[in-house]
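Grab a pencil and open the viewer. Here are some exercises to work through, each with a solution that goes step by step.

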Amino acid sequence: MIKKLLFGFLLIGFIAIIGYNYLYQDHVDVEQSKSSASFTSQVLIELFTDQDLQNDQRALDQIIEVKGKVTNVEKNTIILDEQIFIEMVADQKLKENQLIIIKGRCLGYDELLEEVKIDQAILSN
């Protein structure tokens, strides 16, 4: 009886440790990570909006570089070519119509707002 209880507690503890480590993985350091692909803003938008390319996983949940024109700047968020919403790691001194290259993690496409979402971004140029 005691052996079964002890085994049960050890099993629950083991499962809890594995679950905790799975849920709270280390964050990706975008600055130290190598980008898996590089896109222009138009190609990235097409990748998510073109029906033939929607199953393409080259960008989804990957560290990527994107080149495009800044169309809106607010504190630590910018918008490239009116369809790529980017959350920067830190505030940037950027101006509208400026051509930039950013590196960040692509979260995917928001169909409601019709924009690609990128977070943890830094300037790459």
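Predicted model: local features only at pLDDT ≥ 70, side-chain atom pairs only at ≥ 80, totals over all residues.

Residues are numbered from 1 along each chain as its sequence is written, and side-chain values use heavy atoms, with hydrogens and water left out.

**Exercise 1. Find the residues that touch the most other members of the largest nonpolar core, and say which elements supply the core.**

Step 1: A nonpolar core is a set of buried Ala, Val, Leu, Ile, Met, Phe, Trp, Tyr and Cys residues joined through side-chain atoms within 4.5 Å. Buried means under 20% relative accessible area, exposed over 50%, and partly exposed in between (1.4 Å probe, protein chains only).

Step 2: Pick out the residues. The largest core has 22 residues, and Leu44, Ile64, Ile84, Ile86, Ile102 and Ile118 touch the most other members.

Step 3: Look at the elements. Helices (H or I, at least four residues) and strands (E, at least two) are DSSP runs, numbered from the N terminus. Elements that each supply at least two residues of this core include strand 1 (37–40), strand 2 (63–74), strand 5 (99–110) and strand 6 (115–123). Helix 2 gives the most, with four residues.

Step 4: Zoom in on Ile102. Leaving out residues up to four places away in sequence, its contacts (heavy atoms within 4.5 Å) include Ile64, Ile86, Ile118 and Leu123.

**Exercise 2. Is Phe14 buried or exposed?**

Step 1: You'll find Phe14 in helix 1 (residues 2–23).

Step 2: Check the number. Phe14 counts as exposed because its relative accessibility is 52%.

Step 3: Look around. Phe7, Leu11, Phe14, Ile15 and Ile18 make up a nonpolar patch on the surface, with about 530 Å² of accessible area together. For such a patch, nonpolar side chains (Val, Leu, Ile, Met, Phe, Trp, Tyr) with over 30% relative accessible area and no salt bridge are joined within 5 Å. The areas come from the Shrake-Rupley method with a 1.4 Å probe.

**Exercise 3. Work out how strand 5 pairs with strand 2 and strand 6.**

Step 1: Recall the rule: two strands pair if DSSP finds at least two bridges between them.

Step 2: Take strand 2. Strand 2 runs antiparallel to strand 5, joined by seven bridges, and Lys67 stands opposite Ile101 in strand 5.

Step 3: Now strand 6. Seven bridges join strand 5 to strand 6, again antiparallel, with Ile102 opposite Leu123. Strands 5 and 6 form a hairpin with four residues between them, and Glu114 in the turn has a positive phi of about 55°.

**Exercise 4. How many salt bridges are there?**

Step 1: Set the cut-off. A salt bridge is a side-chain nitrogen of Lys or Arg within 4 Å of a carboxyl oxygen of Asp or Glu. The count comes to three.

Step 2: Start with Asp119 and Arg105, whose closest N and O atoms are 2.7 Å apart. Asp119 lies in strand 6 and Arg105 in strand 5, so this pair ties together parts that are 14 residues apart in sequence. At 12% relative accessibility, Asp119 is buried, while Arg105 is partly exposed at 22%.

Step 3: Turn to Lys117. Lys117 forms salt bridges with Asp110 at 3.9 Å and with Glu115 at 3.0 Å.

Note on methods
Patch = residues over 30% accessible without salt bridge, like charges linked within 9 Å, V, L, I, M, F, W, Y side chains within 5 Å.
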